[in-house]
Amino acid sequence: MSLFNWKLRIDYFRPLTEADLSFFAPPGELYRVAASYNAALNLYVSGQEDQALTALAQICRDYPLFPQANHLYGVLLGATGKFAEAEDYLGRAHLLEMEAEEKQQLDQELREAQREASAIRRENAKIHRRERSLTPVKKQIAMESILQKAPSLDQETSDSIHKQPSLIFESPQEKRKTAQTIMVAVGVGILILLVFFFYWRPQILAGQALEIERIEKLDWLEEELHQRAVDYPEVGKILEDYQAWLTSGRPPRPSEDSRPSGPGLASEATVPSQEAGATNAPSAPIEEASQSE
């Protein structure tokens, strides 16, 4: 614990006289500002510390080159335990011009303010590290209290909650991991959409175009069969078999009547020869006639 007595240091300050003034303000305002400084010092001595601090803070803001005001305000802040702010104002006063004796006193006070401020910063950092190290323990305690308040949960649900504390307490690392997972999922989805749009969709459209073309060709063929079935009964028979196939879903089997028999084939085969003989019969007299001539 520090043995430095800040309030004892305040007793060294005296009201300013005309000889103590420096050029920290326009000449017309020097005496008025010095009177405000003396009034603030009297307020502190009379026990009105808050009013004195408020007045000195205003003077330091309006006239930052006022060395005695920065010095006194820094000491008052140190007396109230605000060592970081005291270090700031004492450091400002240390850069300004003042008497050698006052400068020596200021150096001691500045070193003490720096030491106290550094100790507070180290203590705050230690507390912060301790809190960070206790965070997992606090999470576990909170989980156990939650599970104790919910006795109706079965063992399997309780184990699953223990294994997944991030459902309630999500650390920044887990949040970043979740965000990265979402970004990867979105990227994969966009990639699949692009592949479908630029690769699969053209193939599907091309297949549909081929199917439409095939149907148009079949429609044309069926129309042609209808038109030619009038003059050719065999074409009509093919058309009937085709329509029966479309209706039943199975190709029709050729009937025995539609198949030509053996004798029929032979008799039909003899027809051309007889017709040929008939056509060739008159040729003999012509040859004989030519020979007789």
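Biologist: How should I read the burial of a residue here, and why does Leu225 count as buried or exposed?

Modeller: The cut-off for buried is under 20% relative accessible area. Leu225 has 17% relative accessibility, so Leu225 counts as buried. Keep in mind that this is a predicted model.

Biologist: Where in the chain does Leu225 lie, and which residues is Leu225 in contact with?

Modeller: Leu225 belongs to helix 8, which covers residues 172–228. With neighbours within four places in sequence left aside, its contacts are Val235 and Leu239. Another residue to look at is Lys237: 12 residues separate Leu225 and Lys237 in sequence, and their C-alpha atoms are 9.8 Å apart in space.

Biologist: How much confidence does the predictor have in the chain as a whole?

Modeller: The average pLDDT of the protein chain is 78, and 72% of the residues score at least 70. Among the elements, helix 3 (residues 49–62) has the highest mean pLDDT, 94, while helix 11 (residues 283–292) has the lowest, 43. Across residues 259–293 the pLDDT is below 50, and this stretch has 2 contacts in the model beyond near neighbours in sequence.

Biologist: How many helices and strands does the protein chain have?

Modeller: The count is 11 helices and 0 strands. Read from the N terminus, the order of elements is therefore α-α-α-α-α-α-α-α-α-α-α. Of the 293 residues, 20% count as buried. For contacts with a separation of 6 or more, 49% come from residues 24 or more positions apart.

Biologist: Which residues is Glu109 in contact with, and why does Glu109 count as buried or exposed?

Modeller: Glu109 is in helix 6. Its relative accessibility is 0%, so Glu109 counts as buried. Apart from neighbours within four places in sequence, Glu109 is in contact with Phe4, Trp6, Arg9, His71, Val75 and Leu90.

Biologist: Phe4 and Trp6 are both on that list. What kind of aromatic pair do they form?

Modeller: A search of the whole structure gives 7 aromatic pairs. In the pair of Phe4 and Trp6, the ring centres are 4.9 Å apart and the planes are at 65 degrees, which makes the pair edge-to-face. Trp6 counts as buried because its relative accessibility is 6%. Phe4, at 21%, counts as partly exposed. Ring pairs also link Phe4, Trp6 and Phe83 into a cluster.

Biologist: What about the rings of Phe197 and Phe198?

Modeller: They too form an edge-to-face pair, with 5.1 Å from centre to centre and 80 degrees between the planes. Phe197 is partly exposed at 42% relative accessibility, whereas Phe198 is exposed at 60%.

Biologist: Where does the charged end of Arg92 sit?

Modeller: That end sits over the ring of Tyr89, 4.5 Å from the ring centre.

Biologist: Now the pockets. What volume does the largest pocket have?

Modeller: The general idea is that rolling a probe the size of a water molecule over the atoms shows where empty space is left. In this structure, the largest pocket has a volume of about 610 Å³. Its lining has 22 residues, and the closest to the pocket centre are Asp20, Gln68, Met98, Glu99 and Glu102. Helix 4 (67–79) and helix 6 (100–148) are the elements that give two or more residues to this lining.

How values were computed: Residues are numbered from 1 along each chain as its sequence is written. This is a predicted model: local features need pLDDT of at least 70, side-chain atom pairs count only at pLDDT 80 or more; totals for chains, interfaces and linings use all residues. Side-chain values use heavy atoms; hydrogens and water are left out. pLDDT is the predictor's confidence in each residue, from 0 to 100. Helices (H or I, at least four residues) and strands (E, at least two) are DSSP runs, numbered from the N terminus. Contact means heavy atoms within 4.5 Å. Buried means under 20% relative accessible area, exposed over 50%, partly exposed in between (1.4 Å probe, protein chains only). Rings of Phe, Tyr and Trp (its six-membered ring) pair if their centres lie within 6.5 Å; planes under 30 degrees apart count as stacked, over 60 as edge-to-face and the rest as tilted. A charge sits over a ring if NZ of Lys or CZ of Arg is within 6 Å of the ring centre and within 35 degrees of the ring normal. On a 1 Å grid over the protein atoms alone, a cavity is a set of points where a 1.4 Å probe fits but cannot get out, and a pocket is an open set with protein on both sides within 12 Å along at least five of seven lines; lining residues have an atom within 4 Å of a point. Grid points are joined across faces, edges and corners, and a volume is the space filled by probe spheres set on the points.
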